Amino acid sequence: EAEVYDNVKLGSIGEGEYSIKAGNFFGQKPTNLADYKHFMGNQTLFLHNETGSFQNLPYYSYSTNTAFLEAHYEHHFYGFLLNKIPLVKKLKWKEVAGVNFLYSQNNRDYTEVFAGIDNVFNFFKIHFVSYYQNGQPLKPALRIGLRIN
């Protein structure tokens, strides 16, 4: 497994974080589920607070013993959009949006997109996540979390 990650500052429109991982099993493939590659999924109401995790991925449905690629991007706008609305500006809410993607040879692609607001009442996050699996309609979900710096 190899990973590349970084933060990208984009001036007045905010800052982005990305993570890209790829890996494979060489030699004999594992046959026990415990030895497969498992991805950080989530099926609860609560957000994961880190880039590199999925917000709506079923826990073991995409575990694999073959080659895989996962990519994550999260962009923090730091009020770039909401600060242009006079009364909303006083709330100091911060916009966030992103996308997470997973591919493995023995599973179909999985993609999720999300958008939300951070800094609600100075410590909450509310994100709307929608995920797509090949051939199925978008499936929306709500996630809440605590703002941790």
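Guide: Welcome! Strands here are DSSP runs of E with at least two residues, helices are runs of H or I with at least four, and both are numbered from the N terminus. This is a predicted model, where local features need pLDDT of at least 70, side-chain atom pairs count only at pLDDT 80 or more, and totals for chains, interfaces and linings use all residues. Residues are numbered from 1 along each chain as its sequence is written, and side-chain values use heavy atoms, leaving out hydrogens and water.

Visitor: Where is Q55, then?

Guide: Q55 lies in the loop between strand 2 and strand 3 (68-76).

Visitor: Is Q55 buried or exposed?

Guide: Buried, at 5% relative accessible area. Buried means under 20%, exposed over 50% and partly exposed in between, using a 1.4 Å probe and protein chains only.

Visitor: And what is Q55 in contact with?

Guide: Beyond neighbours within four places in sequence, its contacts are N42, L47, H48, N100, E112, V129 and R143. Contact means heavy atoms within 4.5 Å.

Visitor: New topic: how many strands form the sheet?

Guide: Seven, in an open sheet ordered 1-2-3-4-5-6-7 with antiparallel pairing. Two strands pair if DSSP finds at least two bridges between them.

Visitor: Which strands stand at the edges?

Guide: Strand 1 (2-9) and strand 7 (139-146) do; each has a single partner strand, so one side of each has no neighbour in the sheet.

Visitor: How many bridges link strand 1 and strand 2?

Guide: Eight, with strand 2 covering residues 15-23. In strand 2, Y18 is the bridge partner of D6.
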